Amino acid sequence: MNSIRQVPSRVKSKRTETHLGAEREHFERQQLSSISKAITSTETPVKEKHARRIILGTHREKGAFTFWSYAVGIPRHSNAILSWKFCHVLHKVLRDGHPNSLQDCMRHHSNIVETGSMWGNQRDRHGYAQLVSLYSKLLCAKMEFHTKHAEIRSNLEATDEVFERTAGTDINNVFQLTVEVFDYMDAELRVAEAVLRQLNTSIAISTMTSGQCRLAPLIQVIQDCSHLYHYSVKLLFKLHACLPADTLQGHRDRFLDQFHSLKTFFNKARDMIFFKRLIQIPRLPDSPPNFLRASALAEHVKPMVVIPDEEEAEPEEAEEEEPETLIDVSEAPPPSMAAQPQVDIFDQAFGPTNNTFDDRDLQIESLRREIELLRAELEKIKGEAQRYVTQLKSQINSLEAELEEQRVQKQRALLENEQLRMELEATRRRNAEHQDLQSVYSEAEKKAQSTEERYNKLKEKHVELVSHHAELLRKSADTVKILSATQQTQEEVERTKQQLAFEVERVRQEADMKLEEQKFEMDRLRRECDEKNTEMARIRSTMETNTKADQERSSSLVALQAEKERLMRSVSEKEAELSSVRHAHQQKESSLQQDRERSAREMDDLHGKLKEKLSREEQLQQKLLEEQYSLLQGTVSEAESIIQDALAKLDDPLHIRCTSSPDYLVSRAEATLGSIDKMKAGHADYVKNMSDAGGLLRALTQFSHLTADTIINGSATAHTAPIDHADRLTENCRGCANKSLEFLRDLKSKASLRTADPAAIRVIVQKILMLGQELRPKGADVGKEELGDLVDKEMSATSAAIEEAVRRIDEMMNQARKDTEGVKLEVNERILFSCTDLMKAIRMLVEASTELQKEIVEGGRGAASEKEFYARNSRWTEGLISAAKAVGWGATQMVDSADKVVLHTGKYEELIVCSHEIAASTAQLVAASKVKADRNSKKLSTLQVASRQVNEMAAKVVASTKTGQEQVEVKDTMDFSGLSLIKLKMEEMESQVKVLELESQLENERLRLGELRKKHYVIAGVPLEAEAQDNGLRAPSPSPAAPSSPKPSKPSVMKKPPLASKPTVPPKSAAAQDKAF
């Protein structure tokens, strides 16, 4: 019998392997059960017991491999609530799980990023999509931070020494670590703000399961934020100790925003019922720390988060799996328990006996009941142990707070020591300065003594003189003193008696007041003494009560310790019994193994279906990407054809006749720049998400049409521009087309699609825009809303200038009659009368032009206002203003010239030139008015009659001026009777030389006059061969040959008005002008 019961070594090792495999299988089954119960699609918070078992599983296997092996199969893309709970459990695993869990989670970093980006682009009816996106970003930031800084644990609990070692002494590393901590804090606060934004702080929301499902992860967020706030304060004080304050202004602003956000978050969470029973939230100070003051670090207190004791354990569910194995069965069981496994092995080999089968079943049933009782007791013991752990943690937190306070006091002592050292240094400096001052003082004292000696000598002499003078005065005053001595003595006695009486009364009043004050003070001191006595008695009684309570607590603690030891002994006994019962369940493991195999086959089938579904989804996604890419290629091809068509029109001979205005070109170029920005944004969006090309397609369509429009209008504008501008504009249009085609070719290629950049197109379009702005009319700098007012002002100014000219001519007439007589008076009167008639004719012309202008505005403005009509016809308005200014300026110059001629300080030629200039200016005014006027208008006929009258009066002025010049000038008689032949020949040669010199001067002056007129046209903004008006009229170009007899040049004293005043008519020869007048 003993030989049969001996277990072979082969059977023994097989049994150990079976037992270890069973434990591993039991562990994986328990983990799968906890994960499936914790991460569900129901809108309820994650239960703490399931999360705790998952965390204990990571510590058991020293990593999160099992967790991720089941977590990757969770359909997170199908339900947002499921993804939210997954993020919550993962956050708990990162914080409280085994340190190796971080490396296991980093292997699935891309999976978490994909989940966040997928839910960030979707919306669900519960509002969890955006929360999952933010939570995923927070988890990724957390893993990246702790992977980079492995010294800081994932729960952020690190001592100040460890944190200082992590930051290091390099200020660049400290600066970078500060930025990373700020980013970490921003990710935490974004999750908290998003959750609180969806909920309010009412009790109904925080107590409902839907609200608790959102609020549960904020417990971990609060724990992280308290540590991050402390680390950011430490780092900023360290940076301010090494860097100037201006450099860290951005850090301070960012910390201030985070401080206010964190304080608001803590205050809102503290008011919620949900958090009051789960976590004790710290209170932040009213104001942020002052980093500019180094001593403020001593005032900083680290915020401590406390998790209170759990009131009662959560109830177990009916379908919960068996508890985790508490102890391992050793290979060599104790002698008392060795018989049972031997019997089991014998029974397995030869079958059970009939007389022991029923007893075993009864024993199994009794053991099951005992197991249930022990399980309940074990849960109670675990709850008590958890409460003890929580109490110890709270004591540790309080001790850490005390330690932090001691550190603060130490910091304050160091600061005080530093202040004392600085004061000592200042005292030493003051002593040194005092010694220097003492030496200076001794020298000054010596000088003062010598000066005082000289002063004493002078004083002695002065005293002698004063004494001598006093003797003389004393003798004269003795008589007066004797008379007034008696009267003064009586008055002094009376005043002394009154003063003594007043002083006695004042002293008596002061004594009474002091006595009252002393009595009041005694009463107050007596009351305070009584209060102190009562307070001491109350404190003494309180101390006695506390002493008794401490004694009672100590006795109860001793009793609890004894009870704990008794329970531990009973637990060990029950565990021993439980180990014997566990062997009885091995037979049932075989049936469970079959069930597992069947379940495994079903899981394989499900995995196959899942892979098939995933492959089908990938095919659909690939098909969608190909369709979007094909749409993009079609749009790009169409855009290329549009750009190529516009490029072909640059060299099309039929396009040469097309013209465009610079203003329209500028508007098209600005619209093209806007479309380039939209296309750049659409391209960036498409590169991020290639399954949606709608934005890029719309932007490409708009870009191609606007770019083609800009190229065509640029070429049309170049047809009417100067040669230099036209060449540059055409070249830029061609470059814009080529760059656009290059960009479109990059979009057609998959290799260069992501790197395509329209920056080169933008640069060329900006050049086209600048050229268009340069080609705008120079008169456009006047505000269009000011043109209407400017027309009225210039016409009024012209009328006023003419009235002033008439008045001045009358004054000159009267003065000439007084100062001259005879032929000169006759000549002056004739000239001034003709000037007066010319001014009257000009005034009639201006009035007729004003009336015609009003008729034009009323007939052409329609429903628009006068200012809008002038703005719409800006070129015509500028010409009208220029003509009005020229008329007023010519009238003023004629009066000045006439005044000089009368006073014999000027030339008659100046008066003739002014007459010609007035005739040209009035012709310009008539031409500008006729452009928009109706041919059958009566006011236009009146204007033409007035223009002919002005020409006749101007001719009269020229004729009277020439006649007066002939009458006044005295011609020398040519007497050559006394000259010989040789002398006459010499005089003839000299005359020929002088004629040649004068002809050369005349030719040079004609050339100078022509250049002056060309420069005048350029400054006036009217090209020599450009269109003068928008209605098709062209300014007549000057003749190719120089005129034979141009007008004489203007004198240098004459000045031009600020705007163009020259008429757009060709210059006439002097002979033709004389013939006209």
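Colleague: Is K739 buried, exposed or partly exposed?

Modeller: In this predicted model, K739 has a relative accessible area of 34%, so K739 is classed as partly exposed.

Colleague: Which residue forms a salt bridge with K739?

Modeller: The partner is E742, and the closest N and O atoms are 4.0 Å apart. E742 is itself partly exposed, with a relative accessible area of 36%.

Colleague: How are E742 and K739 placed in helix α21?

Modeller: They are 3 residues apart in α21 (residues 723-748), so about one helical turn separates them.

Colleague: What does T66 contact, leaving aside its neighbours within four places in sequence?

Modeller: T66 touches R24, F27, Q31 and E61. T66 belongs to helix α4 (residues 65-71) and is buried, because its relative accessibility of 3% is under the 20% cut-off.

Colleague: How many salt bridges does the structure hold?

Modeller: There are 28. One of the salt bridges joins E43 and R214, with 3.2 Å between the closest N and O atoms. This pair connects distant parts of the chain, 171 residues apart: E43 is in the loop between α2 (9-38) and α3 (48-61), and R214 is in helix α12 (residues 209-215). Both E43 and R214 are buried.

Colleague: And which residue pairs with E48?

Modeller: K92 does, at 3.4 Å between the closest N and O atoms. K92 is buried at 7% relative accessibility, whereas E48 is partly exposed at 32%.

Colleague: Changing topic, which residues have the most contacts inside the largest nonpolar core?

Modeller: F67, F265 and F275 do, in a core of 89 residues. Another core, of 51 residues, lies apart from it and includes A891 and I918.

Colleague: Where do the buried residues of α14 pack?

Modeller: They pack against α10 (171-198), α13 (218-240) and α15 (273-276). Among the buried residues of α14 are F255, F259, L262 and F265. Viewed down the axis of α14, the buried residues fall within an arc of 165 degrees, so they line one face of the helix.

Colleague: Finally, how many helices and strands are there in the protein chain?

Modeller: The protein chain has 30 helices and 0 strands. Of its 1077 residues, 35% are buried.

Terms used
Residues are numbered from 1 along each chain as its sequence is written. This is a predicted model: local features need pLDDT of at least 70, side-chain atom pairs count only at pLDDT 80 or more; totals for chains, interfaces and linings use all residues. Side-chain values use heavy atoms; hydrogens and water are left out. Helices (H or I, at least four residues) and strands (E, at least two) are DSSP runs, numbered from the N terminus. Buried means under 20% relative accessible area, exposed over 50%, partly exposed in between (1.4 Å probe, protein chains only). A nonpolar core is a set of buried Ala, Val, Leu, Ile, Met, Phe, Trp, Tyr and Cys residues joined through side-chain atoms within 4.5 Å. Contact means heavy atoms within 4.5 Å. The arc is that of the directions from the helix axis to the C-beta atoms. A salt bridge is a side-chain nitrogen of Lys or Arg within 4 Å of a carboxyl oxygen of Asp or Glu.
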